[in-house]
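Reader: I want to learn how to read a structure feature by feature. Where do we start?

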Amino acid sequence: MTTTVGLKRTPFYDLHVSLGAKMVPFAGFEMPVQYPTGITREHEIVRTGIGVFDVSHMGEFEITGPDRNAFVNRVTCNDVGALREGQAQYSAILTEDGTFVDDCLVYRFDDRLMMVVNASNIEKDWSHVVNRKAGINVRLKNISDEVALLAVQGPEAQALMQSLTKLNLATLGYYHFDTGQVAGIECFVSRTGYTGEDGFEIYLRPKQAEVMWHAVVGQGRGSPIGLGARDSLRLEAGYPLYGNDIDDTTNPYEAGLGWIVKLNKGAPFTGRAALERVKAKEVTRTLVGFHAVEKGVIPRHGYDVYLGARKVDLVRSGGFSPTLKQAIGTTYLPTHSVDPGTKFLIDCRGKKVEAEVVKLPFYRGSVKSR
Amino acid sequence: MSKIPDHLHYTEEHEYVKPTDEAGIVQVGITDYAQGELGDVVYVDLPAVETKVGRMEVFGTIEAVKAVSELFCPVAGEVVEVNQALEGDPSLVNQDPYGEGWMIKLRVKNTAELDRLLTASDYAQHIGE
């Protein structure tokens with residue numbers, strides 16, 4: 001039996017259990033890895049219809065005060081100045097070395113900013129951010145326990161959501177958000193997600209979690225989807241996962257995330273000096289996507305990767321793609337060996353299996369655009 | 001509760017042995033409990049016919065979306081047939097583990113070994129049901 005002592009629960013916990021979900025410890029929370037539907041079917045539902053994910057384990061920091069934009073510009077690498085009210089952006093918190101403390105979303109409201117961070121990194125990110133507050137007039141609040149978060153994802157998500165709200169979702173652009181009511185509940189809704197499909201994320205108060213769940217989940221609405229399918233969906237879409245594809249030993253340029261680094265945004269930020277040095281030279285390794293050439297084996301996170309006889313990296317993310325019906329994954333290869341079609345080997349529990357570099361993303365779904 | 005048919009033999013590693021109509025030939029697969037724990041099966045790697053396998057030796061590998069597991073041979077014997085259908089549709093292991101989701105048929109070397117395996121009630125106790 002797994003021990004569940006000290007694990008937190010989201011406001012949707014009882015609903016998951018009543019639906020027969022398999023609950024597992026994840027980032028300090030008891031989370032549903034799958035429902036009786038099973039990961040493969042759950043994955044297909046999001047690719048073709050509507051899936052609903054409880055992602056309330058994610059962390060949220062609220063930043064208020066006159067210097068809020070300058071402060072978030074200091075602790076993240078993307079440009080908060082380019083963000084208008086009602087917009088969100090993908091960004092990252094970096095170390096002095098220019099490697100990842102975490103990746104995050106930054107939301108700009110009229111009177112505040114909100115950072116959304118990975119559940120596993122909430123405490124680390126919080127102390128990193130708080131430690132850089134000196135001399136700046138802002139107020140920081142870790143509101144992670146006061147926010148419930150549901151992701152409604154899939155090509156049919158807009159139709160469902162529009163039936164529940166007066167907000168005009170047809171004109172709500174990718175990485176934009178609006179505040180209002182959904183199913184009669186005060187919340188804000190952003191056109192964001194982690195699946196490669198069109199979809200929305202709904203931020204609301206925990207005490208209204210259950211009512212919102214029943215508004216979006218059920219016959220003719222969305223199906224509940226667990227963390228298992230969340231992982232296979234994001235991998236197919238080529239989205240990095242902190243702890244696998246990115247961590248405090250990798251930088252944004254290597255990870256293919258140079259587009260979120262704004263060296264010239266007119267504000268210094270943690271990691272900037274190191275990234276300028278990285279950019280002055282060519283990066284020596286690059287995150288690539290691959291598929292296994294043979295059937296029958298799945299390269300998984302942590303397996304050794306060889307280019308010729310030389311061990312060059314580990315499998316960062318690896319798994320079976322329900323859409324492509326083959327094993328796929330990511331790894332860092334020397335930058336001179338990253339062209340699609342490049343062959344290399346993966347040690348799958350003692351057996352060297354051939355893999356081939358393919359272009360990311362593995363699959364392009366109904367997501368609006370980047 | 002998972003299904004644990006009465007007339008089968010079981011291992012602590014969650015394989016089962018099912019007698020066939022032919023004397024000395026048994027069918028081997030994984031239990032309903034095991035398929036539930038593994039989740040959606042995507043590949044089953046099985047040995048060639050005529051492979052000789054010892055008792056509790058690895059005879060194959062099963063890859064599920066979230067897990068990978070070795071397959072242990074409950075009794076020593078020679079593989080006389082493998083379930084080719086699993087190559088095209090590995091989800092048969094999830095849908096019907098004791099029927100269409102079987103893995104290999106084995107000519108048992110020493111039928112006395114069958115008595116060393118768990119009974120249905122032993123196995124139920126082993127998995128806490």
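Author: With one charged pair. This is a predicted model. B:Glu63 and A:Arg300 form a salt bridge, with 2.6 Å between the closest N and O atoms.

Reader: What is the general idea behind such a pair?

Author: Side chains of opposite charge can pair when their charged atoms come close. The rule here asks for a side-chain nitrogen of Lys or Arg within 4 Å of a carboxyl oxygen of Asp or Glu. At 2.6 Å, B:Glu63 and A:Arg300 meet that cut-off.

Reader: How many salt bridges does the rule find across the interface of chain B and chain A?

Author: Three. Over all chains, the structure holds 23. Polar contacts are a separate count: eleven residue pairs across the interface, both partners at pLDDT 80 or more.

Reader: Now the extent of the interface. How is it given?

Author: The size of an interface is often given as the accessible area lost when the parts come together. Here chain B and chain A bury about 1400 Å² between them. Carbon and sulfur atoms carry 48% of that area. Within chain B, the residues that lose the most area to chain A are B:Tyr43, B:Val65 and B:Lys66. Together they make up 44% of what the chain B side buries.

Reader: Let us turn to open space. How much space lies in the second largest pocket?

Author: About 760 Å³. It has 32 lining residues. Closest to the pocket centre are A:Gly296, B:Val42, B:Tyr43, B:Val44 and B:Pro90.

Reader: Which element gives the most to the lining of the second largest pocket?

Author: Strand 4 of chain B, with five residues. Other elements that supply at least two residues include helix 2 (39–48) of chain A, and helix 2 (85–88) and helix 3 (92–95) of chain B. The lining of this pocket comprises twelve nonpolar, nine polar and eleven charged residues.

Reader: What about enclosed space? How many cavities of 30 Å³ or more does a search of the whole structure find?

Author: One. The largest cavity holds about 50 Å³ of space. Of its 14 lining residues, A:Tyr174, A:Thr192, A:Gly193, A:Glu197 and A:Val367 are the closest to its centre. The lining of this cavity divides into four nonpolar, six polar and four charged residues.

Reader: Back to charges, inside one chain. How far apart are the closest N and O atoms of A:Glu276 and A:Arg272?

Author: They are 3.5 Å apart, and the two residues form a salt bridge. Look at the spacing along helix 8 (residues 272–280) of chain A. A:Glu276 and A:Arg272 are about one helical turn apart, because they lie four residues apart in that helix.

Reader: Last topic: the backbone. Which residues does a cis peptide bond join?

Author: A:Leu360 and A:Pro361, with omega at about -5 degrees. A:Pro361 sits in the segment after strand 20 (351–358) of chain A.

Reader: And where is A:Ala27 found?

Author: In the loop between strand 1 (22–26) and strand 2 (29–34) of chain A.

Definitions and conventions:
Residues are numbered from 1 along each chain as its sequence is written. Chains are lettered from A and ligands numbered from 1 in the order in which they are written. This is a predicted model: local features need pLDDT of at least 70, side-chain atom pairs count only at pLDDT 80 or more; totals for chains, interfaces and linings use all residues. Side-chain values use heavy atoms; hydrogens and water are left out. Buried area is the accessible area (1.4 Å probe) that two parts lose on being put together, summed over both. A polar contact is a pair of N or O atoms within 3.5 Å; within protein, one must be able to donate a hydrogen and the other to accept it, and residues adjacent in sequence count only if both atoms are side-chain atoms. On a 1 Å grid over the protein atoms alone, a cavity is a set of points where a 1.4 Å probe fits but cannot get out, and a pocket is an open set with protein on both sides within 12 Å along at least five of seven lines; lining residues have an atom within 4 Å of a point. Grid points are joined across faces, edges and corners, and a volume is the space filled by probe spheres set on the points. Ala, Val, Leu, Ile, Met, Phe, Trp, Tyr, Cys and Pro count as nonpolar, Asp, Glu, Lys and Arg as charged, and the others, Gly among them, as polar.
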